[in-house]
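Here is a short report on one protein chain.

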Amino acid sequence: MAKFADANGHMPKPDRVSNRFKFYVRKAKLSDREELSFHSYHHTTGSWLSMQDVPLRVISEILGHSNTQVTEMYSHLSSEVMDRAMEETFGGE
């Protein structure tokens with residue numbers, strides 16, 4: 001799997017990525033709330049992969065987690081996905 005690297009091929013330090021992200025949030029005049037951070041996209045990625053039925057172990061590997069229990073916290077499902085699962089499992093009215 002490809003790794004995130006800087007122009008010199010080195011892994012950037014997490015604070016550098018976060019600081020650059022905040023810089024561009026401000027530059028785009030987006031809300032500078034604490035909730036809007038580069039790490040938010042980690043959650044989003046996990047959630048989207050989960051909603052596409054990607055196995056939890058695969059998501060865990062992609063996100064670089066030590067185990068799938070950590071990944072489970074990132075696997076937020078939309079109400080539409082949960083409604084569809086209930087409909088497919090138990091049928092409709």
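## Overall fold

Of the contacts in the chain with a separation of 6 or more, 31% come from residues 24 or more positions apart; contact means heavy atoms within 4.5 Å. The model is predicted: local features need pLDDT of at least 70, side-chain atom pairs count only at pLDDT 80 or more, and totals for chains, interfaces and linings use all residues. Residues are numbered from 1 along each chain as its sequence is written, and side-chain values use heavy atoms, with hydrogens and water left out.

The chain has five helices and zero strands. Its pattern along the sequence is α-α-α-α-α. Helices (H or I, at least four residues) and strands (E, at least two) are DSSP runs, numbered from the N terminus. The chain has 93 residues, and 19% of them count as buried. Buried means under 20% relative accessible area, exposed over 50%, and partly exposed in between (1.4 Å probe, protein chains only).

## Helix α2

Helix α2 covers residues 40–51. Its twelve residues, at 1.5 Å each, should span 16 Å, and the end C-alpha atoms are 17 Å apart, which agrees. The expected span is 1.5 Å times one less than the number of residues.

Four residues of α2 are buried: Gly-46, Ser-47, Ser-50 and Met-51. They cover an arc of only 130° around the axis, so they sit on the same side of α2. The arc is that of the directions from the helix axis to the C-beta atoms. Among the elements covering these buried residues are α3 and α5 (79–90).

Asp-53 follows α2 and lies in the loop between α2 and α3. Its phi is positive, at about 65°, although Asp-53 is not a glycine. Most residues other than glycine have a negative phi. Is Asp-53 buried or exposed? It is exposed, because its relative accessible area is 66%.

## His-65 and Thr-71

His-65 is in the loop between α3 (56–63) and α4 (68–72). It counts as buried because its relative accessibility is 14%. Thr-71 lies in helix α4. With a relative accessible area of 0%, Thr-71 is buried too.

What joins the side chains of His-65 and Thr-71? A polar contact of 2.8 Å does. Such a contact is a pair of N or O atoms within 3.5 Å; within protein, one must be able to donate a hydrogen and the other to accept it, and residues adjacent in sequence count only if both atoms are side-chain atoms. Leaving aside neighbours within four places in sequence, Thr-71 is in contact with Leu-56, Ile-59, Ser-60, Leu-63 and His-65. Ser-50 is 21 residues from Thr-71 along the chain, and their C-alpha atoms are separated by 9.8 Å.

## The aromatic pair

A search of the whole structure finds one aromatic pair. The ring centres of Phe-23 and Tyr-24 are 4.9 Å apart and the planes are at 80°, so the pair is edge-to-face. Rings of Phe, Tyr and Trp (its six-membered ring) pair if their centres lie within 6.5 Å; planes under 30 degrees apart count as stacked, over 60 as edge-to-face and the rest as tilted.

Phe-23 is partly exposed, at 36% relative accessibility. Tyr-24 is partly exposed at 45%. Arg-20 lies over the face of Phe-23, at 4.8 Å from the ring centre. A charge sits over a ring if NZ of Lys or CZ of Arg is within 6 Å of the ring centre and within 35 degrees of the ring normal.
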